[in-house]
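Hi,

Here is the structure I promised to pass on. Have a look at it, then read my notes below.

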Amino acid sequence: MRWLAVLVACLAAAFARPAPATPPPPPTPTPTQQQPFAYAEHLGSKAPYPADAVAGGLPAVPSSCTLAQLHLVARHGTRFPTGSRIKTMKRFVAMLRARGDQVSHPTFKNLSVPYDDALGGELAQQGLADMARMAVRAKRAYGPSGLLSDPALVLVQATNVTRARLSAMAFTGELFNLSKVDLLVDESKDADLRPHRSCSAFGKHSNLQGGIWRKARFAKIAARLSSLIGLTSPPSLKVKDVTTLFDICAAATTLDGDTAICREFVNDEFEMFEIGEDLDKYDEFGPRTPYSSAMMCSLLTGVTQQMRQVGAMESAADQETPRAKAFLRFGHAETLLPLVTALDLFDEPFGLNATDSDTKLAKRKYIASKIVPFAANIWLEVYSCGLNSPTDPGPPAGISSHAQTTTMLRAVVNGKVAKMPGCSDQLPADGHAQHKKAHLCSLDRFEAMLHKDIGCNFDKVCNNTDTTLGSWNDFGRSLHAHRVAAKPPLLVLENEPQMVDVLQ
């Protein structure tokens, strides 16, 4: 654990901030707040990794199946609010202080935002711990397979953003006792892990359903909080101020474990905030957005090409330099959300809209706090399944095989197997019951499900004028041709000229 102590010390020195003030005593709960409420579970994409995500085991795979390859796409660990949000929160606190004696409620009178502007968007020490714990879970789940035991057989890729790079280092430091990142690409060119920045067609969204929802619902919350705070004379709080208070609550809860501000909201109001964020994320990255799943075409092209290596015949020379067995990728919420859409996970058949009934919204599956909390992770487990077992007499109909084996896979999202409606629950009627029970999907069917999102021209889809770097083009093909690194790093790329030099 020496690597973790070093990283923590470096972060502490670089981003030192004063200790938060002792929170005021909790207020007397309102009638609707008498029941305990798990605030941390309703913070949308600002939520900490859920404790229940690590409970229990996964459905067993058939005994004839051997784990042959692993793919991880993970979000970075807990970070500080962005610089612009920190400034907005501080302006709100300054406004309260300027109102002086009008602010009578102790929680709001003592409100502070103890984050230096320089911390904006940076990984917190909690984020390092998030990634170390993720690595511990990975060793527990996949250690016996041996796929994560040799650093030379694990390719590590991260966006060239500090919080993602440090997250990768923290994860691999715990996993191997050696921090490594093999591949970095400038975020404006990163077609694999930063597509919302490298895809010109994916512009800034406006008139999101979440904004419509907040405009309709938050005015009453603003009026109630104005009265609670003691702001009896104009101006009272606005809808945007309610959002800012929720942001202060989320940061205090996630970074400091302080729920004082959160407790000033009625539970129903808290759930309204969560719905608003879910509507935003669904509008930006859900199937309603034309470019959402298409943005994953570069990453998924690389993933499926690497999966095709499982069971493929190799020459004697190839066997002397074995291929990587695991591919670990570290990005952002904006990396995982379009991947979720492409894989048809957490689908809402009738969409999500601000005008939907409360009953429908309460039953939604698309919940950001469960899909992309800090340190969210999607594992794609790839299995080589034998065909000669008494319990597995042959491949399901329509499934190809290599040398008496077939390649199967499944998705595990935040520690739980996730059904891919177009894949794992659509095996032929004569498919193996064991495969269905384990939610395994054939690679053939997986590729058929993704046929629109693999083998694409990313720059053409995105109307890009500058060439990006990713699994979809010559850069990716060159990368996949590399088998293992003699020593890390395999490639460290920050711009195209350096990429050309390395590959030459």
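First, a term: a residue is buried when its relative accessible area is under 20%, exposed when over 50%, and partly exposed in between, using a 1.4 Å probe and protein chains only. By that count, 54% of the 504 residues of the protein are buried. Bear in mind that this is a predicted model, where local features need pLDDT of at least 70 and side-chain atom pairs count only at pLDDT 80 or more, while totals for chains, interfaces and linings use all residues. Numbering starts from 1 along each chain as its sequence is written, and side-chain values use heavy atoms, with hydrogens and water left out.

The protein has 19 helices and eight strands; these are DSSP runs numbered from the N terminus, with helices being H or I of at least four residues and strands E of at least two. Take a contact to be heavy atoms within 4.5 Å. Among contacts between residues at least 6 apart in sequence, 82% join residues at least 24 apart.

Now for helix α7 (residues 209-229) and its two partners. Its axis and that of helix α8 (residues 239-256) come within 8 Å and cross at roughly 80°. Axes here are lines fitted to C-alpha atoms, for helices over the stretch in contact, with angles from 0 to 180 degrees between N-to-C directions. α7 and α8 are therefore roughly perpendicular, the word for 65 to 115 degrees; under 35 is roughly parallel, over 145 roughly antiparallel, and the rest oblique. On the α7 side, R214, F218, A219, I221, A222 and L225 meet V239, V242, T243, L245 and F246 of α8.

With helix α9 (residues 267-285), the axis of α7 again comes within 8 Å, but the crossing is at roughly 160°, so α7 and α9 are roughly antiparallel. Residues of α7 including W213, R217 and R224 take part in this contact, and those of α9 include E269, E277, D280 and D283.

Finally, the largest nonpolar core has 51 residues, and M307, L343, M420, F446 and F458 have the most contacts inside it. Such a core is a set of buried Ala, Val, Leu, Ile, Met, Phe, Trp, Tyr and Cys residues joined through side-chain atoms within 4.5 Å. α12 (333-342) is among the elements that each supply at least two residues of this core, and gives the most, with six. Leaving aside residues up to four places away in sequence, M307 touches Q69, H71, L380, V382, T407, L409, L443 and F446.

Cheers
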